[in-house]
Amino acid sequence: PTTAATSVTVAPPAEPADPADLEGMSVTRLRQLARRTAGVQLQGREVSRANKGQLLAELQRVLGTEEE
């Protein structure tokens, strides 16, 4: 039997998100960004369980200090 494959493409931004743009993102998008952003201290299930406030705080912390 053949199964139909559905492809969902999520285009990641070329550069890390601007901290000001984060608040307009969905929780799903923030989790995706957290998983691929260097320096984020949430790992694995912590990312999955984090709410929007926790994700925003962590991403803003990392993106705010990334300019070093």
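The side chain of arginine 31 reaches 3.1 Å from the backbone oxygen of valine 47. Keep in mind that this is a predicted model.

Let's stay with that arginine. Arginine 31 sits in helix 1, which covers residues 27-36. Which residues does arginine 31 contact, leaving aside neighbours within four places in sequence? Val47, Ser48, Arg49, Ala50 and Leu55.

Now the rest of helix 1. The buried residues here are Arg29, Leu30, Leu33 and Ala34. They line one face of the helix, because they fall within an arc of 140° when you look down the axis of helix 1. Turn to the face pointing away from that buried side. There you find Thr28 and Arg35, which are exposed.

Next, the core. The largest nonpolar core has 13 residues. Which members touch the most other members? Leu22, Leu30, Ala34 and Leu59. Helix 1 and helix 3, residues 52-65, each supply at least two residues of this core. Helix 3 gives the most, with five residues.

Take alanine 34 from that list. Setting aside residues up to four places away in sequence, alanine 34 touches Val40, Val47, Leu55 and Leu59.

Side chains of opposite charge can pair when their charged atoms come close. How many salt bridges are there in this model? The count comes to one. It joins the side chains of arginine 61 and glutamate 58, at 2.6 Å from N to O. Both residues lie in helix 3, three residues apart, about one turn of the helix.

What about exposure? Arginine 61 has 37% relative accessibility, so arginine 61 counts as partly exposed. Glutamate 58 is at 13%, so glutamate 58 counts as buried. The cut-off for buried is under 20%.

And what surrounds that glutamate? Not counting residues up to four places away in sequence, glutamate 58 touches Gly39, Val40, Gln41 and Leu42. Val40 is also touched by alanine 34.

To recap, with two things to look at on the screen. One is arginine 31 in helix 1, reaching the backbone oxygen of valine 47. The other is the salt bridge between arginine 61 and glutamate 58.

Notes
Residues are numbered from 1 along each chain as its sequence is written. This is a predicted model: local features need pLDDT of at least 70, side-chain atom pairs count only at pLDDT 80 or more; totals for chains, interfaces and linings use all residues. Side-chain values use heavy atoms; hydrogens and water are left out. Helices (H or I, at least four residues) and strands (E, at least two) are DSSP runs, numbered from the N terminus. Contact means heavy atoms within 4.5 Å. A polar contact is a pair of N or O atoms within 3.5 Å; within protein, one must be able to donate a hydrogen and the other to accept it, and residues adjacent in sequence count only if both atoms are side-chain atoms. A nonpolar core is a set of buried Ala, Val, Leu, Ile, Met, Phe, Trp, Tyr and Cys residues joined through side-chain atoms within 4.5 Å. Buried means under 20% relative accessible area, exposed over 50%, partly exposed in between (1.4 Å probe, protein chains only). The arc is that of the directions from the helix axis to the C-beta atoms. A salt bridge is a side-chain nitrogen of Lys or Arg within 4 Å of a carboxyl oxygen of Asp or Glu.
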